[in-house]
Amino acid sequence: MEFEETRREVAAGTHMLADFGLATGVRASLGHVSVRVPNEPNKFVVKGRGYRLDTLARMRPEDMVLCDLEANLVEGPPEIVPCFEVKIHSCIYKARPDVQSVVHVHPRFTVVMSVVGATIHSICNEGNRLVMDPLPVYPKQKIITTDEEGAAVARLLGDGRAMLLYGHGAVTAGRTMEQSMTDMIQLEHQAEMNYYAYSMVGPDYPYVSRERVIEFGSGGSQFELPHFKQAIAKAGMPRYSGVWAAWYEAAAAEL
């Protein structure tokens, strides 16, 4: 049951990469989301390779493959092998027991910023803490296929949540798929804002300082403010999962 639920979760995340334009057009088959199987942390589910029609938007739960932490195929559809860069996932999981989900994709603006050598800074609120410090950049464009390359990516990521691959894409790692996916979506959003600023002003464009980013996230909950206490007393505490629930529900409906 855990395996089946994880396959469905990964399939929904795979669709989400296409839904957000991170894997469309010439990149329609490029990118993958993985999630550890909750009751078997030495195994994870990820998209494979070898499908007759290989696009992320077409993937279904039964198309996903199960791998171990050596990137060996444990279970999957006939004639389907793990994704070519499965070592990104397996090596990060081996190095980071806290990580439960990994995403790799080729976001347009993130790739451009990595090649021009421009640091992705905080420009807007969404994902501002993710980029308030410079992200590490893997210096090669080649795909990550070996233990040595996967281990190098894991070392560069360290205990962080995001990193760039020069001229190639990005990797995010999270405690949940919600975190790894949201980080990737917001990273590309920040990269796009940086691209516009760079294009308008040049390489010395202004950005939101680290101090202002920290200030943005400081302070207590809005629910402690008098007018919200009044609203909660009258209406009850809000019960919602935020925008993630809407994103996930839309992606899962496509399966």
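## The edge of the sheet

In strand E9, Leu165 is the bridge partner of Tyr138. Strand E8 (137-138) and strand E9 (residues 162-165) pair in the parallel sense over two bridges. Here helices (H or I, at least four residues) and strands (E, at least two) are DSSP runs, numbered from the N terminus, and two strands pair if DSSP finds at least two bridges between them. The model is a predicted one, in which local features need pLDDT of at least 70 and side-chain atom pairs count only at pLDDT 80 or more, while totals for chains, interfaces and linings use all residues. Residues are numbered from 1 along each chain as its sequence is written, and side-chain values use heavy atoms, with hydrogens and water left out.

The open sheet has eight strands in the order E5-E4-E2-E1-E7-E10-E9-E8, with mixed pairing. Its edge strands are E5 and E8, each of which pairs on one side only. Strands of a sheet pair through backbone hydrogen bonds, either parallel or antiparallel.

Strand E10 (169-174) is largely enclosed by the rest of the structure, because six of its six residues are buried. The term buried means under 20% relative accessible area, exposed means over 50%, and partly exposed lies in between (1.4 Å probe, protein chains only). Gly169, Val171 and Ala173 point one way from E10, Ala170, Thr172 and Gly174 point the other way, and all are buried.

E10 runs antiparallel to E9, to which four bridges join it; Met163 has Val171 in E10 as its bridge partner. These two strands form a hairpin with three residues between them, and Gly167 in the turn has a positive phi of about 60 degrees. The pairing of E7 and E10 is also in the antiparallel sense, over five bridges, and Val102 stands opposite Ala173 in E10.

Helix H5 (residues 177-201) lies across strand E1 (32-37), strand E7 (101-105), E9 and E10, running at about 150 degrees to E10. The axes are lines fitted to C-alpha atoms, for helices over the stretch in contact, and angles run from 0 to 180 degrees between N-to-C directions.

Leu164 belongs to strand E9 and counts as buried at 4% relative accessibility. Leaving aside neighbours within four places in sequence, the residues in contact with Leu164 (heavy atoms within 4.5 Å) include Thr110, Ser114, Ile120, Tyr138, Ala170 and Leu187. Leu164 and Val111 are 53 residues apart along the chain, yet their C-alpha atoms are separated by 7.9 Å.

## A nonpolar surface patch

Val112, Val116, Tyr195, Tyr196, Met200 and Val201 make a nonpolar surface patch of about 570 Å². Patches are made of residues with over 30% relative accessible area and no salt bridge; like charges are joined within 9 Å, and nonpolar side chains (Val, Leu, Ile, Met, Phe, Trp, Tyr) within 5 Å. Accessible areas come from the Shrake-Rupley method with a 1.4 Å probe, and for residues only the protein chains shown count as cover.

Helix H3 (108-116) and H5 each supply at least two residues of this patch, and H5 gives the largest share, four residues. Val116, in helix H3, counts as partly exposed at 45% relative accessibility.

## Salt bridges

A salt bridge is a side-chain nitrogen of Lys or Arg within 4 Å of a carboxyl oxygen of Asp or Glu, and by this rule the count comes to twelve. One of them joins Glu40 and Lys43 at 2.8 Å, N to O; Glu40 is partly exposed at 32% relative accessibility, and Lys43 is partly exposed at 24%. Another links Arg96 with Asp98, the closest N and O atoms being 2.9 Å apart. In this pair Arg96 is buried, with a relative accessible area of 10%, whereas Asp98 is partly exposed at 40%.

Glu224 and Lys229 also meet in a salt bridge (3.8 Å, N to O). Salt bridges that share partners join Lys47, Arg49 and Asp54 into one network.

## Two loop residues with positive phi

Ala71 lies in the loop between strand E4 (65-68) and strand E5 (73-75). Phi of Ala71 is near 75 degrees, a positive value in a residue other than glycine, and Ala71 is buried, with a relative accessible area of 13%.

Glu79 is placed in the loop between E5 and strand E6 (81-82). Phi of Glu79 is likewise positive, near 65 degrees, but Glu79 is exposed, with a relative accessible area of 77%.
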